[in-house]
Amino acid sequence: KDEGYIEDFSLTDNNGKPILNIDLKYYAGQPVIETIERISKPSLRIYKSKNELPKVLGGLGVAIVSTSKGVMTADSARKQNFGGEIICTVE
């Protein structure tokens with residue numbers, strides 16, 4: 001939501017199981033998210049240091065990174081001097 005790719009999200013409970021509801025954002029009838037590409041897979045984890053974190057579309061996209069301080073964007077991880085596992089990229 002902070003990056004502008006989703007409209008809103010909520011967490012609901014269904015018989016004791018949490019469900020995450022995500023409302024996608026649209027602009028002029030087109031979805032804001034064009035592609036989501038998974039980078040790390042269960043069979044092959046991809047870890048990068050803070051200097052090796054990718055810039056997606058020259059800074060227009062976002063890479064999602066799992067760090068020791070939680071899940072954050074690659075830009076946030078770089079600013080806080082963290083590397084980590086690259087989960088996916090969003091364009």
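Guide: Start with burial. Buried means under 20% relative accessible area, exposed means over 50%, and partly exposed lies in between, with a 1.4 Å probe and protein chains only. Of the 91 residues of this protein chain, 23% count as buried. The model is predicted: local features need pLDDT of at least 70, side-chain atom pairs count only at pLDDT 80 or more, and totals for chains, interfaces and linings use all residues. Residues are numbered from 1 along each chain as its sequence is written, and side-chain values use heavy atoms, with hydrogens and water left out.

Visitor: How many helices and strands does the protein chain have?

Guide: Rule before count. Helices (H or I, at least four residues) and strands (E, at least two) are DSSP runs, numbered from the N terminus. The protein chain has 1 helix and 9 strands. Along the sequence the pattern reads β-β-β-β-β-β-β-β-α-β. The C-alpha atoms fill a box of roughly 40 × 40 × 25 Å along the principal axes.

Visitor: What share of the contacts in the protein chain join residues at least 24 apart?

Guide: Contact means heavy atoms within 4.5 Å. Take the contacts between residues at least 6 apart in sequence: 49% of them join residues at least 24 apart.

Visitor: Which residues make up the largest nonpolar core?

Guide: A nonpolar core is a set of buried Ala, Val, Leu, Ile, Met, Phe, Trp, Tyr and Cys residues joined through side-chain atoms within 4.5 Å. The largest one here has 9 residues: Leu-53, Val-56, Ala-63, Val-65, Met-72, Ala-74, Ala-77, Phe-82 and Ile-86. Strand S7 and helix H1 (74-79) each supply at least two residues of this core.

Visitor: Is Leu-53 buried or exposed?

Guide: Leu-53 counts as buried because its relative accessible area is 6%. Its place is in the loop between strand S6 (47-48) and S7. Setting aside residues up to four places away in sequence, Leu-53 touches Lys-48, Val-65, Ala-74, Ala-77, Arg-78, Phe-82 and Ile-86. For a distance check, take Leu-53 and Ser-40: 13 residues apart in sequence, and 13 Å apart from C-alpha to C-alpha.

Visitor: Which side chains does a polar contact join to Glu-85?

Guide: A polar contact is a pair of N or O atoms within 3.5 Å; within protein, one must be able to donate a hydrogen and the other to accept it, and residues adjacent in sequence count only if both atoms are side-chain atoms. The side chain of Glu-85 has such a contact with Ser-40 at 3.3 Å. With the side chain of Arg-45, the polar contact is 3.2 Å. Glu-85 lies in strand S9. Glu-85 is buried, with a relative accessible area of 13%. Beyond four places in sequence, the residues Glu-85 touches include Ile-46, Tyr-47, Ile-64, Val-65 and Ser-66.

Visitor: What is the volume of the largest pocket?

Guide: The grid comes first. On a 1 Å grid over the protein atoms alone, a cavity is a set of points where a 1.4 Å probe fits but cannot get out, and a pocket is an open set with protein on both sides within 12 Å along at least five of seven lines; lining residues have an atom within 4 Å of a point. Grid points are joined across faces, edges and corners, and a volume is the space filled by probe spheres set on the points. For the largest pocket that gives about 360 Å³.

Visitor: Which residues lie nearest the centre of the largest pocket?

Guide: Lys-1, Glu-3, Tyr-5, Ile-6 and Ile-64 do, out of a lining of 18 residues. At least two lining residues come from each of S1 (6-14), S2 (17-24), S7 (62-67), S8 (70-73) and S9 (84-90). S8 gives the most, with 3 residues.

Visitor: How many residues of the lining are nonpolar, polar and charged?

Guide: Ala, Val, Leu, Ile, Met, Phe, Trp, Tyr, Cys and Pro count as nonpolar, Asp, Glu, Lys and Arg as charged, and the others, Gly among them, as polar. The lining has 13 nonpolar, 2 polar and 3 charged residues.

Visitor: What is phi of Asn-15?

Guide: Phi of Asn-15 is near 55°, a positive value in a residue other than glycine. Asn-15 lies in the loop between S1 and S2. Asn-15 is exposed, at 77% relative accessible area. Leu-57 also has a positive phi, near 50°. Leu-57 lies in the loop between S6 and S7, and is exposed at 51%.
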